[in-house]
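Thank you all for making the time this morning.

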Amino acid sequence: MTSASDNNGELPAIIGGAAVRPQGPPDWPGVDPAVSAAVESALADGTWGKYHGPHCSQLAERLAEYHQCEHAILCSSGTAAVELALRGLKVGAGDEVVLAAYDFKGNFQDVLTVGAVPVLVDVFADNSNLDPDGLEEAIGPKTRAIIASHLHGGVVPMSDVMQIARRHGVPVIEDACQMPGAVIEGRIAGTVGDVGIHSCGGSKLLSAGRGGALVTNDAELVQRVRLYSHRGNEAYPLSELQAVALLPQLDQLDVRNAQRQRNADRLRQLLADQTGLAALDNSGTTALPGYYKFGFTYDVGAFSGLSRESFADSMRAEGIAVDPGFRALHRIHSRRRFRTVGDLHNAERSDECVLTLHHPFLLGSDEDIEQIVIAIDKIRRHATMIQQQK
Ligand SMILES: *Cc1c(COP(=O)(O)O)cnc(C)c1O
């Protein structure tokens, strides 16, 4: 326990020791021969630089086929996709949209952007995802949509959400940005809600630096989204060059998701032996989750009072990509902008306790996964020293 016996390798990197992974976290996106070949072919035939070419329509077709739904609309980001979905559902001034108080900030902003009021409900204590229990009370005469986001490898129990939503005639936007290709209660994430959202942002599982998509069977929604976004030119475009880079990634999605799931299960097992750390729990629903982030909670008490932020800093110094999760939306926005339902206690706890591991580790080897735990152990043993020396 004492520092006297520590050699440099045993000290945490944040206070001068050698990092567990001096090479840092795995890169994303990495070198991908299939993407290189596809992009090269678009460079060779000139489609890379054109407004219109075959790749965007191919990608939209492939996305629809993959999701076994009728329509996929490509757009410039996941954030734009949520906005377009809201507009496609005719959400506007004075309307209300229900979403979890612990969610991606852009979803909250999108609701404001269309002139509507976010109504925030709590999340599950053990997985930080939307708890349908709050929906019944949140839905009122002004409610025009519900946004359900699957976050950090945790999933929203969609059948419960849909049951309540259907009873009230409120459409559901299912944000699958963090888990393209995940299977939730037997259905592909994004296809249970009335419209599904995907992101192709620079850190996402299907990445083109930027980009997004909506998937749906609702032809009227598609019509309204097209009317809104086509202004002679496309106002929220995804380019041919982005589409060409995405097509081979979609082909590889299932294989990669399976690999991420295997590694996530292994990490889950390893964390079960760690006091003070608990992986987000999906036992309440059947799912093969996707992992844009692998989420877990952190208990300061089990790390001699080392703050979550210092723990994350220490992990990153070891070369492990760990970051605090989202801020609770009601804590970072003016009270005048939203309405809340219930005490949002679990969202606040998530705001304070959630950590996320970035997904590229989950495509790594057993050794990559074990290094995560080696780093955790090292930081735990030196938690007091880190607080004194930082
Ligand atoms: C990344 C993300 C988005 C938005 O995606 P962008 O393409 O970055 O705009 C939306 N929702 C969730 C849950 C996300 O993680």
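Let me begin with His 359, which sits in the loop between strand 17 and helix 12. Please keep in mind throughout that what you see is a predicted model. Is His 359 buried or exposed? Its relative accessibility is 0%, and since the cut-off for buried is under 20%, His 359 counts as buried. Leaving aside residues up to four places away in sequence, His 359 touches Trp 28, Ser 203, Lys 204, Leu 205, Arg 260, Tyr 291 and Tyr 292.

Two of those contacts lead us onwards, and I will take Lys 204 to begin with. Lys 204 is one of the residues that surround the ligand, and the others are Ser 77, Gly 78, Thr 79, Phe 104, Leu 151, Asp 175, Cys 177, Gln 178, Ser 199 and Gly 211. For Gln 178, an N or O atom in the side chain lies 3.0 Å from an oxygen atom of the ligand.

Ser 199, also among the residues around the ligand, takes us to strand 8, which spans residues 195-199 and has 5 of its 5 residues buried. Both faces of strand 8 are covered, with Val 195, Ile 197 and Ser 199 buried on one side and Gly 196 and His 198 buried on the other. As background, strands of a sheet pair through backbone hydrogen bonds, either parallel or antiparallel.

The largest nonpolar core has 58 residues, and the members that touch the most others are Leu 86, Ile 173 and Leu 214. Helix 3, residues 78-88, supplies the largest share of this core, namely 6 residues. If we look at Leu 214 and again set aside residues up to four places away in sequence, its contacts are His 71, Ala 72, Ile 73, Cys 75, Ala 81, Leu 84, Ala 85, Val 195, Gly 196 and Ile 197. There is also a second, separate core of 34 residues, which includes Leu 306, Ala 312, Leu 355 and Ala 383. In soluble globular proteins, nonpolar side chains tend to be buried together.

Now to another sheet, an open one, in which 4 strands are arranged in the order 12-14-17-15 with antiparallel pairing. Strand 12 (277-279) and strand 15 (322-324) are at the edges and have a single partner strand each, so one side of each is left without a neighbour in the sheet. From one strand to the next, the twist averages 35°. Strand 12 is joined to strand 14, residues 293-298, by 3 bridges, and Ala 279 stands opposite Phe 296 in that pair. Helix 9, residues 308-317, lies across strand 14, strand 15 and strand 17, and runs at about 160° to strand 15.

Finally, the backbone details. Most residues other than glycine have a negative phi, and most peptide bonds are trans. Trp 28, which I mentioned as a contact of His 359, is joined to Pro 29 by a cis peptide bond with omega of about -10°, and Pro 29 lies in the segment before helix 1. Gln 68, in the loop between helix 2 and strand 1, has a positive phi near 50°, and at 70% relative accessibility Gln 68 counts as exposed. Glu 185 likewise has a positive phi, of about 50°; Glu 185 is in the loop between strand 6 and strand 7, and is partly exposed with a relative accessible area of 27%.

That is where I will stop, and I am glad to take questions.

How values were computed:
Residues numbered from 1 in each chain as written. Predicted model: local features only at pLDDT ≥ 70, side-chain atom pairs only at ≥ 80, totals over all residues. Heavy atoms only, no water. Core = buried A, V, L, I, M, F, W, Y, C linked by side-chain atoms within 4.5 Å. Buried < 20%, exposed > 50% of the residue type's maximum accessible area, 1.4 Å probe, protein only. Helix = DSSP H or I, 4+ residues; strand = E, 2+ residues; numbered from the N terminus. Contact = heavy atoms within 4.5 Å. Pairing = 2+ DSSP bridges. Axes fitted to C-alpha atoms, helices over the stretch in contact; angles between N-to-C directions. Near = heavy atom within 4 Å. Polar contact = N/O pair within 3.5 Å; in protein donor to acceptor, adjacent residues only side chain to side chain.
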